[in-house]
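My entries follow in the order I made them.

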Amino acid sequence: MKIADLSQLATALAAPDFKAIEPHLIALDKHLILRTYVEGYSLSEADQNIWVTIRSNKVANAFLKREALPNLARWFNYIEQSHPEIQEEIKARDEAEKARKAGLSKAGANYNMALQDVEKGVVTRFPPEPSGYLHIGHLKAALLNDYFAHEMYKGTLLLRFDDTNPSKEKQEYQDAIIEDLKLVGIKPDKTSYTSDYLEVLYQYCIRMIKEGHAYADDTDQDTMRDERMKGIKSKNRDKSVEENLAIFEEMKAGSEIGQKNAIRAKMSIDNPNKAMRDPVIYRCNLLPHHRTGNAWKMYPTYDFACPIVDSLEGVTHALRTTEYTDRNPQYQWFLDNLKLRQVHMWDFARMNFIRTVLSKRKLTKLVDAGIVWGWDDPRMPTIRGVRRHGMTLGALRDFILKQGPSRNIVTMDWTNFWASNKKEIDPIAPRHTAVETKDPVKATITNGPAEAYTEEKPLHAKTPAVGTKKVGYSKHLILDQADVKLFKQDEEITLMNWGNAIVRKIVGSDPITEIELELHLEGDVKKTQWKVTWLSTTPQDLVEAEVWEFDHLFTKDKLEEEDNWEDFINKDSASKTIQLCDANVASLKEDDIIQLERKGYFRVDKPAKDGKGLVLFGIPTGRTK
């Protein structure tokens, strides 16, 4: 029998009948004769599904223990040993089913992951590198670690800066990360720095060299990469302990010889998981460190430092995005070889959005190239960017927590992100009125009030608590050109918050310059086709505002690995109009959120001073215009 379609094989192996699954097991055993994984060269979805199915099926599991299928048994044991997180998948599935039946969830997401040994206490950590501002992908990691530590298990959350690369890191970024976490309500119980452990990590590396688990290598970067890809042994792999120690000291001194070398862990030459092929764990960097100055000339890599410091700081559960899955065996290897306290690992899917990049390197390039205004540009997916774009903290937290700790990797549209924000701002955003200054239409009301006057009106018709505003009424109004172009002679329209009027005269065509209106306040507003906003030019002084609208930074929904992402930058992602607003906006403060009626929601980026300088940023609502 030939092996079934891999996507359907897990389903076929779930049957509790031995006769039904036996041919599939035999076919799978033959399929694995020359393969490490069922599909591809790393742990695939097919591997995960089939392994979990066999492990969960008592009949299949019992047959496997007979050792009648050596290739299948080898694969099964390898997956179990190299990917310990997969066993937690079984527990998670059981717990998810229990949670579904019991109705246990957080904001629509399943948080019952069956974390191991929680009865002994839970300590999680968020380890950002201070090489940029936090984006919403980082925020998901921070919020999940905070949620599990503080809300689910009443444990401890550590904030640890992974500051071992002076080439990228700045005090500015470190300070910004602390501020952003505080802004979103994350309060770590302790803050530490990997740079605090540089002496300790140095000693651990010496120990690895002495025990034959690490060596110095001066192979150039391109050759090393090529050899790792092809599974070729480095010419330096068998250097003596004495030679390796001497070179490590040269690296510490930052000498010419030291700078040519790196220290590599002696894990494997040709492991199918390329992350296990003798990774670099120490490299020279002569740039001054923002905390330690010039005390060190070499630094450990994240992959070496993280498991060691996690263990030393008492972390019980390392929650990481699925991009680290292939490096989990590497993490475990360091703990085992250095005989350190064990740490449980759990992977969750990172957040991906259409027409967006979350790579810190690419975001830095956008800033450095002047494509955006800075890290807090409203088009940036940073916490500061989406906040400046008008996302409220409550909606931001709720949206991310709703995604939960699932491993399913999806690319989301921004629609739901902004729709969740609209639900929060719509009931409380004060309503104001604006007319664009480009070709505004002057309207004269032939039977309008003899003298201009103002009336107190609610800022929000459905929420009186929002307050009131003064609305001016007179014979002389201005309307938007786009609205007036829709009018016909003698047509009845509705002037919002006033009443109906009949269009008696239209002057000009493109653009229309003036119209005459006749109030018909007894008219039925339900029967008019056009309901328009307007402003009286007296008795109040109108306030001029810069009104910005933003689009996606990229023109392609999903950027592929082979794409040159710079070719897809949207050169028209920001547009500005000048609008005249009602006089009440003069009292708005920075970060206030308002609605310009019929135009959308806006955040005040800069308040008006002496009636000038108001800047408003448009807030998406989740609907396409």
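Before counting secondary structure, I noted what the terms cover: helices are DSSP runs of H or I with at least four residues, strands are E runs of at least two, and both are numbered from the N terminus.

Entry 1: I am working from a predicted model. I looked up the confidence and found a mean pLDDT of 90 for the protein chain, with 94% of its residues at 70 or more. The unreviewed UniProt entry annotates residues 122–426 as "domain: Glutamyl/glutaminyl-tRNA synthetase class Ib catalytic". Over residues 122–426 I read 42% helix and 14% strand. The end C-alpha atoms of this range are 39 Å apart.

**Entry 2: α7 and α17.** At what angle do the axes of α7 and α17 cross? I found roughly 80° for helix α7 (residues 136–152) and helix α17 (residues 393–403), whose axes come within 10 Å. Angles of 65 to 115 degrees count as roughly perpendicular, so α7 is roughly perpendicular to α17. From α7, I listed Ile136, Leu139, Lys140, Leu143, Asp146, Tyr147 and Glu151 in the contact. Their partners in α17 are Leu396, Arg397, Ile400, Leu401 and Gln403. Sorted by class, the residues of this contact are seven nonpolar, one polar and four charged.

**Entry 3: α17 and α18.** I then followed α17 to helix α18 (residues 415–425), where the axes come within 9 Å and cross at roughly 135°. That angle makes α17 oblique to α18. I recorded the crossing as right-handed. On the α17 side the contact is made by Gly394, Ala395, Leu396 and Phe399. On the α18 side I found Asn416, Phe417, Ser420, Asn421 and Glu424. By class I have four nonpolar, four polar and one charged for the contact of α17 with α18. Leu396 is in my list for the α7 contact and in my list for the α18 contact.

**Entry 4: α13 and α14.** How far apart are the axes of α13 and α14? I noted 9 Å between helix α13 (residues 302–312) and helix α14 (residues 328–337), which pack at an angle of about 55°. The angle makes α13 oblique to α14. Their crossing is right-handed. Asp303, Phe304, Cys306, Pro307, Asp310 and Ser311 of α13 meet Gln330, Tyr331, Phe334 and Leu335 of α14. I sorted the residues of this contact into six nonpolar, two polar and two charged.

**Entry 5: backbone geometry in loops.** Which peptide bond into Pro511 is cis? I found the one from Asp510, with omega near 10°. Pro511 sits in the loop between β19 (499–508) and β20 (512–519). I noted a cis peptide bond from Thr538 to Pro539 as well, with omega near 5°. Pro539 belongs to the loop between β22 (535–536) and β23 (543–550). I also looked at Asp490, a residue other than glycine with a positive phi, near 70°. I placed Asp490 in the loop between α19 (481–484) and β18 (492–495).

Methods
Residues are numbered from 1 along each chain as its sequence is written. This is a predicted model: local features need pLDDT of at least 70, side-chain atom pairs count only at pLDDT 80 or more; totals for chains, interfaces and linings use all residues. Side-chain values use heavy atoms; hydrogens and water are left out. pLDDT is the predictor's confidence in each residue, from 0 to 100. UniProt positions are given in the numbering used here, feature names are shortened, and annotations may be inferred rather than shown by experiment. Axes are lines fitted to C-alpha atoms, for helices over the stretch in contact, and angles run from 0 to 180 degrees between N-to-C directions. Angles under 35 degrees count as roughly parallel, over 145 as roughly antiparallel, 65 to 115 as roughly perpendicular and the rest as oblique. A crossing is left-handed if the near helix is turned anticlockwise from the far one by less than a right angle, and right-handed if clockwise. Contact means heavy atoms within 4.5 Å. Ala, Val, Leu, Ile, Met, Phe, Trp, Tyr, Cys and Pro count as nonpolar, Asp, Glu, Lys and Arg as charged, and the others, Gly among them, as polar.
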